[in-house]
Amino acid sequence: MATDFSSIPLIDVSALLAKCDDPKMGEDPGVLEVVRQLDKACTEAGFFYLKGHGVSDALLKEVKDITRRFFELPCEEKTKIKMTPAAGFRGYQRVGENITKGTPDMHEAIDCYKEVTRGMYGDLGKTMEGYNQWPQNPPKFKVIMEEYISICTGMLSHPFIPIPMILFPGVEFFILMMILLVRAELARKIMRGIALALGGSPDEFEGQRAGDPFWVMRLIGYPGLTTTNGTHEAMKNDIGCGAHTDYGLLTLLNQDEDINALQVRNLSGEWISAPPVPGTFVCNIGDMLKIYSNGLYESTLHRVINNSPKYRVSVVYFYETNFDSAVEPLDTIRTRKNGTKKFEKAIYGEHLVSKVLTNFVDV
Ligand SMILES: N=C(N)NCCCC[C@H](N)C(=O)O
Ligand SMILES: O=C(O)CCC(=O)C(=O)O
Ligand SMILES: [Fe+2]
């Protein structure tokens with residue numbers, strides 16, 4: 001939020017995606033135009049809408065619908081996958097359990113992370129060790145969410161195909177085959193564009209930095225205003241999610257249509273609406289990209305207030321660096337031009353763990 005933007009730009013990234021693995025992508029006029037728009041949006045707002053991303057409207061809708069159906073279940077059913085420290089803070093949290101700057105948020109959620117096996121990142125990774133907890137109900141929840149995650153990340157979260165699935169192929173088998181064929185790699189490709197925008201090589205965020213990205217997914221439900229005596233009344237507090245920045249590189253937010261609840265703060269401190277634009281993702285910069293860009297790009301503050309009578313869901317995918325990456329400003333022409341290094345080295349995993357532990361003080 002380096003400026004007083006009053007709306008959030010929309011970028012069609014199809015030209016970037018089409019040429020993304022071409023060694024000459026950096027010379028393609030179509031790619032360069034997308035890169036210019038990404039740079040402008042990241043510099044001015046830290047937020048943009050993404051279209052031309054290739055993810056089908058059907059899948060965007062399906063993940064929200066199935067999330068909504070889960071939240072409609074009775075509490076006993078939902079708490080079967082209750083989030084616990086033992087599960088590496090993965091699973092279901094009730095309304096008011098997530099805390100932002102000391103205040104409970106008016107949302108319920110399921111948190112999922114790239115799975116961390118015991119000892120995988122030594123002491124640094126201990127807090128996040130665990131496996132995702134998927135509900136049995138609604139059916140197919142896990143397979144649909146894993147499809148979505150792999151389309152956003154570009155890697156199968158489970159490259160392993162069980163033998164019975166091959167012998168008796170059901171719908172899951174065909175979904176898995178689709179993933180192997182499509183490999184959308186959406187977030188990785190956008191990051192290749194952002195690497196060019198920062199004056200680096202397209203591979204800047206691969207290998208050691210984010211070649212093994214730590215992904216996070218939050219499936220969130222925000223209760224609407226409750227009705228008493230015909231008047232709408234807010235719940236105890238009306239903040240669905242308090243003002244915060246995201247922690248990693250890039251967030252892909254798939255928000256409910258029709259409800260205007262997300263707000264983004266500009267330089268003068270005004271809250272600018274980011275209303276739903278059907279068929280798009282809302283993207284924003286996280287804290288690690290702010291460091292890599294030496295502050296050229298800001299991880300912009302945002303919050304959620306659901307003032308509508310309707311229940312709102314969002315499916316939020318976070319693309320982050322490798323868990324153990326030591327993040328510091330890149331050494332590209334553009335970041336150097338921005339002056340001396342403005343940030344000390346940060347370890348992404350340490351940043352995430354400190355956030356997770358303050359988000360959930362009572363569990
Ligand atoms: N992985 C991310 N970015 N999660 C965003 C959650 C924001 C709310 C959280 N209580 C906080 O204060 O950060
Ligand atoms: O639900 C939304 O619109 C945004 C959620 C969000 O900002 C987050 O989970 O980090
Ligand atoms: Fe956020």
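**Reading the ligand sites**

Modeller: Let us begin with one contact: an N or O atom in the side chain of R312 lies 2.9 Å from an oxygen atom of ligand 2. A polar contact is a pair of N or O atoms within 3.5 Å; within protein, one must be able to donate a hydrogen and the other to accept it, and residues adjacent in sequence count only if both atoms are side-chain atoms. This is a predicted model, in which local features need pLDDT of at least 70 and side-chain atom pairs pLDDT 80 or more, while totals for chains, interfaces and linings use all residues. Residues are numbered from 1 along each chain as written, chains are lettered from A and ligands numbered from 1 in the order written, and side-chain values use heavy atoms, without hydrogens and water.

Biologist: How much of ligand 2 does the protein bury?

Modeller: Accessible areas come from the Shrake-Rupley method with a 1.4 Å probe; for residues, only the protein chains shown count as cover. Taken alone, ligand 2 exposes 300 Å², and the protein buries 96% of that.

Biologist: Which residues coordinate the iron ion (ligand 3)?

Modeller: Donors are N, O and S atoms within 2.8 Å of the metal (3.2 Å for Na, K and Ca); water is not among the atoms, so sites may look incomplete. Here H244 (NE2), D246 (OD) and H302 (NE2) coordinate the iron ion, at 2.1 to 2.2 Å. Along the chain, these donors follow the spacing H-x1-D-x55-H.

Biologist: Why does the pair D246 and H302 tie together parts that are apart in sequence?

Modeller: Strands (E, at least two residues) are DSSP runs, as are helices (H or I, at least four), numbered from the N terminus. D246 lies in the loop between strand 10 (241-244) and strand 11 (250-255), and H302 lies in strand 15, so the pair joins parts 56 residues apart in sequence.

Biologist: Which atoms of D246, I99 and Y247 approach ligand 1?

Modeller: A polar side-chain atom of D246 is 3.3 Å from a nitrogen atom of ligand 1. I99 places a backbone N or O atom 2.7 Å from a nitrogen atom of ligand 1, and a side-chain N or O atom of Y247 is 2.5 Å from an oxygen atom of this ligand. Ligand 1 alone exposes 360 Å², of which the protein buries 93%.
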